[in-house]
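Subject: Structure for you to look at

Hello,

Here is the structure I said I would pass on. Please open it first and then read the notes below.

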Amino acid sequence: MAKMVRLISKYCGNVRPDSVEDYVKAGGYAALKKAMGMGPLDIIEEVKKSKLMGRGGAAYPTGIKWEQAYSITKNPKYIVCNGDEGEPGTYKDRLMLGQNPLQLIEGMTIAARVLDAREGYIYIRGEYKAIQETVKKAIENAVKAGYLGDNILGTQFSFHLEVVSGAGAYVCGENTALVESIEGKAGRPRIKPPFIKNAGLYLKPTLLNNVETFSCIPYIIDNGGDNFASYGNEHSGGTKLVSLSGNVENRDVYEVPFGITLRELVYEIGGGIPEGRTLKMVQLGGSSGACFPEAVLDTQLCYKDLKSKGISLGSGAVLVLDDSNCIVDFVKCIMEFFVHESCGKCTPCREGNRHILMLVEKFADGTATKADFEKMKRICDTMKYGAFCGLGQTATTALITCLKYFKEEFEEHIEGKCRAGVCSLNGKEAK
Amino acid sequence: MKGTVVSEVLTKYDNSKDRLVQILLDLQEESGQNYIPREWLEEVSQKLDTPLTKVYDVATFYAMYNLDPKGRYVIEVCKSAPCRSRKAETLAQSLEKLLSIKMGETTADGLFTLQHTSCFGACDISPAIKIGEKVYGNLNEDKLAEIIRAYREGQK
Amino acid sequence: MKTVNILIDHINVNVPEGTTILEAAKKVGVSIPTLCYHPDQKVKANCRICLVEVKGSKGLNTACSTTVWDGMEILTNSKMARDARKTVLELILANHPQDCLSCIRNGSCELQKLTNEFGLNKISFDNVVERKAKDNTNPSIVRDSSKCIKCNRCVEACNEVQTVGAIYNSHRSYEYNITTAFDMPLEESTCIYCGQCSLVCPVGAIYEKSDIDKVWAALDNPDMHVVVQTAPAVRVSLGEEFGDGRGGIVTGKMVAALSRLGFNKVFDTDFTADLTILEEGTEFIGRVQNGGTLPMITSCSPGWINFIEKFYPECLPHLSSCKSPQQMFGALAKTYYAEKAGISPDKIFVVSIMPCTAKKYECTREEMRSSGYQDVDVVLTTRELARMIKQAGISFDSLEEEEYDDPFGITTGAGAIFGATGGVMEAALRTVYEVLTKETLQNIDFVAVRGLTGIKEATVNINGMDVKVAVANGIKNARLVLEKIKSGECDYKFIEVMCCPGGCIGGGGQPVGTTNKDRECRICSTYEVDKSMPLRKSHESPAVKAIYEEYLEKPNSHKSHHLLHTHYVDRKNK
């Protein structure tokens, strides 16, 4: 496994998750100590040099985000961590939060130092309740040890962190929905502008990053932005946590340098397809991500290379499907997810998802006609270009890309054939 | 003097409206039947001086809340793509057979409720289910039967 | 002001910075379709019917929420924009009952209008309408949630304008809804029946409960003597229902239409408005002189009464005990008028034409039976009256103006301004000043209390004492005033509260689509009516003088108390 490196996951499994003692002994909190002696702009400069891009999915350059947050003069400012991790197939934040939350806490503390923020929140999905307790313990212990809370490391700098639970809503991964949820409301996205950097939590300037993004910060400060960047390629700096799932031999979270190919990921690190089956499809970035066949696997894991193929890295989830799966059945499953998770606020997403699901169900039933392709396309386009937030805009990515690469499977269903033998095609018989 | 269940939970969160999501999670746990009774939501609305409609909105928005009583153990079967690729629908069928109920129903003894859920991040061990906070993965029919038996016995 | 140059549909236009695409497009004569947009509300951008293409943008942009930048190139009618808008409309229609012909909003529905404009000849997507039972168990408002398109305008009216929170969002995805908590009937909710939701609803999802049939039945009954009263605010809005400009004064035509419909007598609520001033003014003077509860707050607005009973029962002692003018009228119609006309009260049917949905509930209150019968039998809103006139085929425009009937037709300008925020206060000051000082008021126009500002203050020196008064319109503002009273930091002596923004001229029973611009015009007209009156102070009204002489003796007399005053009930947590 020459392709794997451990920069940000290096302490995972080697320290007790809530033990400050273990973490410090292993080298933790060196970055915060260093940061205390650095100016905010110097810290931002290192983050910029690292070429770190937001790891939640939007891939916005973290250094620039911090710089913008720093330039906003209104106070107070909040630091918020997105640990909602709702994208199916993604469980990397579970690893970071569950095995080494202190690194995240350290990263957030450094961010607070930069922005002179006094309060921060770690929003963790409700399904990770046990992990929330671990993180709360870690926070408590960090406060006791003087790394968090009042007068950090004996200085005037104080920063308080609190864990906030979600309660089962994928849409809360969207920044503005997430702050609504922290404020105790239903997580429906807000209209933008204002952006959360100006008016986020409690309508105050808010810096919001993903668990993985904040967890990269200590390494960057400790070793320098250039060092981190050098692990990736020219366009994408550092390493990425990828979550492998589906029909692949070694399902786990792996830290890999940018520039690795998807083929290496699936066949070398992932160990290939079990039970002698063949690969049918890979979906990258979770249920909102693009689907593609084996031929696309030589693409590099790199924001630019992926983009040239019309693919987003998203959360870094890699879902592998073998030939026992049916594409129509898979898309049906994806659409069921989005029908369940749409917040309902805007017309395209509220109404569009369910109509697409009904149309895909017609394919699964064998009752679809050629005209249904056009109907699906109309709704897909309207959602992609016209939905209120990212959820609606990406809900049909799987369908759109499956129609691009696997349209013949849909066409076969019109003829009453499911090559994987998954769909019942009941409607066809009834007809 | 001991306050009501609601007032005790509210006190834990300084009677703060901002903590409504957490407050309702705690109340659901307190109910013992995995749901939030209507009277409790009304009490929350009054004590937090926030319209009942807004409390109701939160309670109906998030998937983890139930407004009707559920079984003591809610068994959640993941229906997202990673689990489906590992044939999670057979888990649902096995559970329906084992418990003699359909998805969405509760056993007559009030012990188990069976329902679907979105991905809860156990994709490394899919197909997976969740019972309360506990996650079980790499499941097949035999393992499921064992798990259910253990819960039933733990009951006695 | 900084301006920017933009290109809309290849036409150059210069607009102020911060202009939205929607506003900018109007400048080049393009009207982009909207549904959730409302000129008086926050931008919501949730319906997505106003999508347009902006060169260089990733997707499409909503015209209502996107502000222009210098050099922006906008295509409002590109194929991409047209296709998306059409799909959005079809998605809405696939979940909207297609019973337009029997819908109350047939002809005034924004969705219907758009469908017509889009030239839609079929809906491509399967019908997913789930018919739910209507909530029509209260006297004022009907909710037909199957028709709701989730635009959230009513949510803003209920939660932000009125801070009542009876309806709000619930659930998610296709179950996303705008409803009461637990879908309870409105009467069990905190609803105050103000009807502001019904003014902003673009479709037929929430509207007034129609009582037209009851009125036709009374008019058809030869044994009934049917009298009608018209509120001050109706004469400046009814014309809009017949294509008149904003706020046209149509008093004479309205009276003519009512006689044509067959009402035996057409009276004016302005008369009992004048009477209210005598009663309320006397009550106020009494409270000041005898150390009664101050500040005293007006009680003419039934939505406001519902609010204070449901939300602030601890403040009830501040309310004047006076009934609203419409209820005073009802009580007198079935007593004083019945005697005078020699008609048994059980043969008198009283109809009120009101700008208000809460009045429908008010007339059913059990306290409102001072005559021994239900004092007012039916309340119709401005909208319902317009509908009746149309049903009867009366050509409103060509009607010859007619005068109100006696004895309840002689009124003053003070009664007329009851319809606008500040009007009750101004009318009261005109009288209270003269009664207390026994001097003639030099300038009777209290302009400080006029207009749409949420809370207005004025100080009047009466006999060397500074009397500080306040006027609040819209419940959000009324709530602020109550909080001030509760915290003890309130030095007002007298407060006027009207439930609806702008007062009754902006009431929940007024023409749908009423905007603040409309409110301003109606306010203007209201003061024009005032100015045109020979008498402008309530205590100078000969009709008022006569009724005290003939019947009520004096303001706040025992008889007045029986007929013209009421009491209030704590309805919190009920």
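Domain bounds here come from an automatic or database domain assignment. For chain C, that assignment gives domain 1 as residues 3-93 and domain 2 as residues 213-564. The centres of domain 1 and domain 2 of chain C, taken over C-alpha atoms, are 43 Å apart. Please keep in mind that this is a predicted model.

Next, the interface of chain C and chain B. The size of an interface is often given as the accessible area lost when the parts come together. Between chain C and chain B about 1300 Å² is buried, and carbon and sulfur atoms give 65% of that area. In chain C, the residues that lose the most area to chain B are C:His171, C:Arg172 and C:Phe182, which together make up 49% of what that side buries. Counted by residues, the contact takes 16 from chain C and 14 from chain B.

What kinds of pairs cross this interface? The rule finds 3 residue pairs in polar contact between chain C and chain B, with both residues at pLDDT 80 or more. For salt bridges across the interface of chain C and chain B, the rule finds 0. Strand 7 of chain C (residues 168-170) gives the largest share of the side of chain C that touches chain B, namely 3 residues. Sorted by class, that side of chain C has 8 polar, 6 nonpolar and 2 charged residues.

Now to chain A. Its secondary structure comes to 20 helices and 9 strands. The C-alpha trace of chain A spans about 75 × 45 × 35 Å along its principal axes. Why compare the radius of gyration of chain A with that of a compact globule? Because a compact globule with 431 residues would have a radius of gyration near 22 Å, the 22 Å of chain A agrees with that form.

Finally, some backbone details. Most residues other than glycine have a negative phi, and most peptide bonds are trans. A:Leu153 is not a glycine, yet has a positive phi of about 50°. A:Leu153 lies in the loop between helix 7 (129-144) and strand 3 (160-165) of chain A. The peptide bond that joins A:Asn75 and A:Pro76 is cis, with omega about -5°. A:Pro76 is in the loop between helix 4 (62-71) and strand 1 (78-83) of chain A. In chain B, a cis peptide bond joins B:Ser126 and B:Pro127, with omega about 0°. The loop between strand 2 (112-117) and strand 3 (129-131) of chain B holds B:Pro127.

Regards

How values were computed. Residues are numbered from 1 along each chain as its sequence is written. Chains are lettered from A and ligands numbered from 1 in the order in which they are written. This is a predicted model: local features need pLDDT of at least 70, side-chain atom pairs count only at pLDDT 80 or more; totals for chains, interfaces and linings use all residues. Side-chain values use heavy atoms; hydrogens and water are left out. Contact means heavy atoms within 4.5 Å. Buried area is the accessible area (1.4 Å probe) that two parts lose on being put together, summed over both. A salt bridge is a side-chain nitrogen of Lys or Arg within 4 Å of a carboxyl oxygen of Asp or Glu. A polar contact is a pair of N or O atoms within 3.5 Å; within protein, one must be able to donate a hydrogen and the other to accept it, and residues adjacent in sequence count only if both atoms are side-chain atoms. Helices (H or I, at least four residues) and strands (E, at least two) are DSSP runs, numbered from the N terminus. Ala, Val, Leu, Ile, Met, Phe, Trp, Tyr, Cys and Pro count as nonpolar, Asp, Glu, Lys and Arg as charged, and the others, Gly among them, as polar. The radius of gyration is taken over C-alpha atoms; the globule rule is 2.2 Å times the number of residues to the power 0.38.
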